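Here is a short report on one protein chain.

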Amino acid sequence: MSHNPIRPWRNIERRKSRQIMVGNVPVGGDAPIAVQTMTNTLTTDVKATIEQVQAAADAGADIVRVSVPDEASSAALKEITREVTVPIVADIHFHYKRGIEAAENGAACLRINPGNIGKPERVREVIAAARDNGCSMRIGVNAGSLEKHLLEKYGEPCPEAMVESGLEHIRILEDNDFHEFKISVKASDVFLSAAAYYALADATDAPLHLGITEAGGLTSGTIKSSIGLGNLLWAGIGDTIRVSLSADPVEEVKVGYEILKSLNLRHRGVNIISCPSCARQGFDVIKTVEALEHRLAHVHTSISLSIIGCVVNGPGEALMTDVGFTGGGAGHGMIYMAGKQDHRISNDDMIDHIVELVEKKADEIEAEKAAAEEAAE
């Protein structure tokens, strides 16, 4: 729950779901909403895949999915899972043996549609491999690949068809006494996805993995995902998320975190509050923010920073941030610390100075956390 007793209009009451484990990452229940992405390298290119997984992890990914279309890919998982620092989800589409191999080779989770695996005994074999290797599963329902009988029944992909598909797959796992699963009902249509997730949230207590599938490029996909995922998360629905972009997986992670940060559901890195700039600006706001985003990307501690071009809104925004800079006159601006005026600095020196202040504040916050943890032991 995102709880704010002073400003109750910011509260989000999260849907109650049961908790499962994806490797060492808890999903569901009261666990933080996990951020996921997926590699786009050939899984058989072990070096490239490891590098991409680690880049995503460095950007904040909690879980990373890799495609396992053939035996060589499932074999590659053994080295990949040994070298990376985050749990790996193996994407299995049809062949049941790939699921067994992935579970045996270190995958923390299998992304499957139980109905696509084949005969009941094959499903049982995959479930047994998952259970024996401490592997969870994700049921992945997609509007673009619904079962023929559901399309015939409903006439087209619709929320009812997607939920019915999901519940059919859930039944297969539960009939085999397997409950370590999460489920998604994705579509590229924002309205269809949201409606399906709302209905599914009422129909099961399983953790939900959110996504607007095939959302598009960096700009359009970010907007679609922000609308769809933001709508659901604000309603308390969702236990893991993936922002599906035709872009570098690191960008998916960045956007995912920004969505969660905007709803006060996760906190990581520097949250820059900046104005769009206008003729009143006392410095080049756009270039300054671009430079600070780049220079502060290494800071993982949650810190708020306001960069405002003039004194119209600057002091008010600075009241709410850890560090602030407001443009003034004669090539100088005002630095704010914890909402209070602190000192003036020239525009020429402000970027280096702000970076130093943020880094120092991050060190102080981390030191306070360490001291509190030590005192609690």
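Helices (H or I, at least four residues) and strands (E, at least two) are DSSP runs, numbered from the N terminus. A330 is found in the loop between two such strands, β13 (323-327) and β14 (332-337). This is a predicted model: local features need pLDDT of at least 70, side-chain atom pairs count only at pLDDT 80 or more, and totals for chains, interfaces and linings use all residues. Residues are numbered from 1 along each chain as its sequence is written, and side-chain values use heavy atoms, with hydrogens and water left out.

**Annotated regions**

UniProt positions are given in the numbering used here, feature names are shortened, and annotations may be inferred rather than shown by experiment. An unreviewed UniProt entry lists "domain: IspG TIM-barrel" at residues 17-257. That span, residues 17-257, is 49% helix and 17% strand. Its end C-alpha atoms lie 21 Å apart. UniProt (unreviewed entry) also gives "domain: IspG C-terminal" for residues 271-360. Residues 271-360 are 30% helix and 31% strand, with the end C-alpha atoms 16 Å apart.

The feature "binding site" (unreviewed entry) is placed by UniProt at C275, C278, C310 and E317. C278 lies in the loop between β11 and α11 (285-295). E317 belongs to helix α12 (residues 314-318). Contact means heavy atoms within 4.5 Å. Not counting residues up to four places away in sequence, E317 touches I273, S306 and I308.

**Two helix pairs**

Two packed helices are described by the angle between their axes and the distance between the axes. Axes are lines fitted to C-alpha atoms, for helices over the stretch in contact, and angles run from 0 to 180 degrees between N-to-C directions.

Take α7 (residues 159-175) and α8 (residues 190-203). Their axes come within 8 Å and cross at roughly 45°. That angle makes α7 oblique to α8. Angles under 35 degrees count as roughly parallel, over 145 as roughly antiparallel, 65 to 115 as roughly perpendicular and the rest as oblique. The crossing of α7 and α8 is right-handed. A crossing is left-handed if the near helix is turned anticlockwise from the far one by less than a right angle, and right-handed if clockwise. On the α7 side, P159, M162, V163 and L167 make the contact. What kinds of residue form the contact of α7 with α8? There are 10 nonpolar, no polar and no charged residues. Ala, Val, Leu, Ile, Met, Phe, Trp, Tyr, Cys and Pro count as nonpolar, Asp, Glu, Lys and Arg as charged, and the others, Gly among them, as polar.

The axes of α1 (residues 46-59) and α2 (residues 71-83) come within 10 Å and cross at roughly 35°. α1 passes α2 in a right-handed crossing. V46, T49, I50 and Q54 of α1 meet A76, E79, I80 and E83 of α2. This contact of α1 with α2 divides into four nonpolar, two polar and two charged residues.

**Accessibility**

Buried means under 20% relative accessible area, exposed over 50%, partly exposed in between (1.4 Å probe, protein chains only).

| Residue | Relative accessible area | Class |
|---|---|---|
| P32 | 49% | partly exposed |
| A34 | 1% | buried |
| N264 | 39% | partly exposed |
| C278 | 35% | partly exposed |
| E317 | 31% | partly exposed |
| A330 | 77% | exposed |

**P32 and A34**

P32 sits in the loop between β2 (25-27) and β3 (34-38). Leaving aside neighbours within four places in sequence, P32 is in contact with R14, P26, D239 and R266. P32 and D239 are 207 residues apart in sequence, yet 7.5 Å apart in space, C-alpha to C-alpha.

A34 is found in strand β3. Beyond residues up to four places away in sequence, A34 touches V25, D62, I63, D239, T240, I241 and R266. A34 and E79 are 45 residues apart in sequence and 24 Å apart in space, C-alpha to C-alpha.

**Positive phi**

Most residues other than glycine have a negative phi. N264 has a positive phi, near 65°. N264 lies in the loop between α10 (249-262) and β11 (270-274). Phi of A330 is also positive, near 55°.
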